[in-house]
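I hope they are handy while you look through the structure.

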Amino acid sequence: MAQPQLKTETTTPLRLDHLAIWVEDMERTTSFLTNIVGWKRHPMIVEVSDDDPTCGGMEAVFIDGQGLWLEMILPTSPGPGQDILEEKGDGAIVEVNFEAVDEDYVDILQQMEDQGVQMLSMDGSPLENGGMIQEGVRGNEDSHETGQKIAYWPTELSGGTTIEVYEKISRDTTNLLNIRDAQWQGVTQDPSAPRIDHVSILVEDAEKTAAFYTDIMGLRRRDGNFDLGEESEQQFGAFKGVWIDANGVWLELVQPTGPGPLMDTLKEKGSGHPLEIIAEVDDIDAYYDLVKSRGVNMVTFDGTPLADGQKAQLIPSSGERIAYFPQEVSCGLTIEIYERGPKETSALHKRDNS
């Protein structure tokens, strides 16, 4: 199939708003994210009707990752949502969700139709009725009446990742994302909490996948060499990375090019697998101490304890320092915490200034 193109002038109408994460135990997972990681839970509870044919019953809550929302989703009845949880497992990042405001949503669907791209419903069937699902906010019946329109790009175009675009009607006070944002006005950020900077996605072909985000979705990439260096490649495995600017947060497309844990995970999970949530702190030593005071010792990339006296791993080529939460407490989520290296060597400084 020839690559279609989303017609934009200087910028795309799409903005990455949240990740959809499937969970087995809502309270356990949100407790980890709030009480250990340090993020805040939004009081709103989103509901999808148990008889919704496209996904089945679900409930969801939002976690503010200070840069990106995390939508934690618990299936409540048999259906595609429950099937996804059983297939992907607890804590799996199942969707990358982009927002299109007002007529932008309709325009995107029309452009895709004009170019022969069949947009899909959550269950993989051809999109109908603009993608309406009966999703609403608990305690707000008007929001159920409005519902929510969502659509998905075929994974054969996106490199294997499930990419959703949803409609946000700016003047509709019953729109659940408008309700979320209105209820969150005035909430202060915690300076000690991590700030989500990017999400890494494993892909078989970084260039082909990047072309989907740029040529079809209209996002921008950052060129440049962001290699981790020989010492780090020995630990993670060699890879090629491409940065995609998703208007507020970044996507890092990671193509393993040599043996190692990254290549092993690609073979196990397949192309398009969202690998990690990466969040920044100003002082990783202080953050390590804070997390330890909450009863958790942070670990290395492969889950082994940090070396004696260390509170983070050093990436020698860039000066970045990183640490992870142990899987036994993270409810299946892989979250990397990092502190930037010096400006003259930091890969992230180079990305931001390229």
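**Notes on the fold and its salt bridges**

1. Let me start with Cys331, which counts as buried at 3% relative accessibility (buried is under 20% relative accessible area, exposed over 50%, partly exposed in between, with a 1.4 Å probe and protein chains only). Cys331 sits in the loop between α11 (327–330) and β17 (335–339); helices (H or I, at least four residues) and strands (E, at least two) are DSSP runs numbered from the N terminus. The phi of Cys331 is near 60 degrees, a positive value in a residue other than glycine.

2. A word on what you are looking at: this is a predicted model, in which local features need pLDDT of at least 70 and side-chain atom pairs count only at pLDDT 80 or more, while totals for chains, interfaces and linings use all residues. Residues are numbered from 1 along each chain as its sequence is written, and side-chain values use heavy atoms, with hydrogens and water left out.

3. Asn129 also has a positive phi, near 55 degrees, and is not a glycine. Asn129 is found in the loop between α3 (103–114) and β6 (132–133), and with a relative accessible area of 62% Asn129 is exposed.

4. Now the overall picture. The protein has twelve helices and 17 strands. Its radius of gyration, taken over C-alpha atoms, is 20 Å, close to the 20 Å that the globule rule gives for 354 residues, so the protein is as compact as a globular protein of that length (the rule is 2.2 Å times the number of residues to the power 0.38). The C-alpha atoms fill a box of roughly 55 × 45 × 35 Å along the principal axes.

5. Of the 354 residues, 56% count as buried. Among contacts with a separation of 6 or more, 68% come from residues 24 or more positions apart, where contact means heavy atoms within 4.5 Å. The accessible surface is about 15400 Å², and 46% of that area belongs to carbon and sulfur atoms (Shrake-Rupley method, 1.4 Å probe).

6. How many salt bridges are there? The count comes to 22, a salt bridge being a side-chain nitrogen of Lys or Arg within 4 Å of a carboxyl oxygen of Asp or Glu. One of them pairs Arg15 with Glu99 at 3.2 Å, N to O. Arg15 belongs to strand β1 (residues 15–22) and Glu99 to strand β5 (residues 92–101), so this pair ties together parts that are 84 residues apart in sequence. Arg15 is partly exposed at 31% relative accessible area, whereas Glu99 is buried at 6%.

7. Strand β1 also supplies Asp17, whose side chain meets that of Arg180 in a salt bridge of 2.8 Å, N to O. Arg180 lies in helix α6 (residues 176–184), so the two tie together parts 163 residues apart in sequence. Both Asp17 and Arg180 are buried.

8. Finally, Arg351 and Asp197 form a salt bridge of 2.8 Å, N to O. With Arg351 in helix α12 (residues 347–353) and Asp197 in strand β10 (residues 195–202), the pair ties together parts that are 154 residues apart in sequence. Arg351 is buried at 0% relative accessibility, and Asp197 is buried at 9%. Salt bridges that share partners join Arg195, Asp197, Glu280, Asp282, Arg340, Arg351 and Asp352 into one network.
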